[in-house]
Amino acid sequence: AVVSTQSTGYLKEQLELLAAECGERVLKTPSNLISLALTLTPANYTVPPSEIGSRLFLRNVTGVRVVDGGSSKTIGHVTLDSFGSHSPTCTVPYMTFAGGVGMSRDDVDVLVGKVGKLLAKCRRK
């Protein structure tokens with residue numbers, strides 16, 4: 001697999017700066033070289049995490065996926081804890097970002113800028 005470590009590294013740096021501003025954190029995912037996850041602590045915002053995802057989509061931000069880490073879903077007789085999450089041990093809501101081949105620093109700046117503006121707008125005062 002071809003991985004753009006340069007764009008992913010810059011994306012991680014910018015997300016860590018955003019996380020510090022918002023009272024969030026970038027989750028540690030050492031076995032995933034492309035995807036990054038930014039927590040969405042519900043107490044920090046006036047809307048639920050899923051609404052943040054919807055609002056990002058309306059702002060033409062695609063590829064970001066919001067996961068409600070605490071929900072479970074039962075299909076037949078099987079219950080899936082942390083449904084939709086990458087791990088059943090992750091119980092905090094988060095949104096995912098992927099740094100890939102062809103992603104420029106400008107792309108990262110635009111993405112993180114849009115996410116930052118929306119999180120600021122939705123943040124509890």
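Strands here are DSSP runs of E, at least two residues long, numbered from the N terminus. With that settled, I opened the model, which is a predicted one.

**Entry 1**

I looked up Leu80 and found it in strand β4, residues 78-80. Is Leu80 buried, partly exposed or exposed? I get 34% relative accessibility, so Leu80 goes down as partly exposed. Next I checked what it groups with on the surface. Leu80 forms a nonpolar patch there with Ile75, Val78 and Phe83. Together the four have about 330 Å² of accessible area. Membership needs over 30% relative accessible area, and Leu80 has 34%.

**Entry 2: Glu24**

I went to Glu24 next, in the loop that runs between α1 (5-22) and β1 (35-39). What does a buried Glu24 have by way of an opposite charge? I found no salt bridge for it; the nearest side chain of opposite charge belongs to Arg25, 6.8 Å away. The cut-off for a salt bridge is 4 Å from nitrogen to carboxyl oxygen, so I left that pair out.

Then I asked which side chains make polar contacts with the side chain of Glu24. One is Thr39, at 2.6 Å. Another is Thr41, at 2.9 Å.

**Entry 3: salt bridges**

How many salt bridges does a search of the whole structure find? I got 1. The side chains of Arg55 and Glu51 make a salt bridge, with 3.0 Å from N to O. I traced both residues to helix α2, residues 49-58. They sit 4 residues apart, which is about one turn of the helix.

Arg55 comes out at 24% relative accessibility, so I noted it as partly exposed. Glu51 has 30%, so partly exposed is the call for that residue too.

**Entry 4: Ser71**

Last stop was Ser71. Where is Ser71 found? I placed it in the loop between β2 (65-67) and β3 (73-75). Its relative accessibility is 25%, so Ser71 counts as partly exposed. I also took its separation from Ser54: 17 residues in sequence, and 18 Å in space from C-alpha to C-alpha.

Note on methods
Residues are numbered from 1 along each chain as its sequence is written. This is a predicted model: local features need pLDDT of at least 70, side-chain atom pairs count only at pLDDT 80 or more; totals for chains, interfaces and linings use all residues. Side-chain values use heavy atoms; hydrogens and water are left out. Patches are made of residues with over 30% relative accessible area and no salt bridge: like charges are joined within 9 Å, nonpolar side chains (Val, Leu, Ile, Met, Phe, Trp, Tyr) within 5 Å. Accessible areas come from the Shrake-Rupley method with a 1.4 Å probe; for residues, only the protein chains shown count as cover. Buried means under 20% relative accessible area, exposed over 50%, partly exposed in between (1.4 Å probe, protein chains only). Lys and Arg count as positive and Asp and Glu as negative; His and the chain ends are not counted. A polar contact is a pair of N or O atoms within 3.5 Å; within protein, one must be able to donate a hydrogen and the other to accept it, and residues adjacent in sequence count only if both atoms are side-chain atoms.
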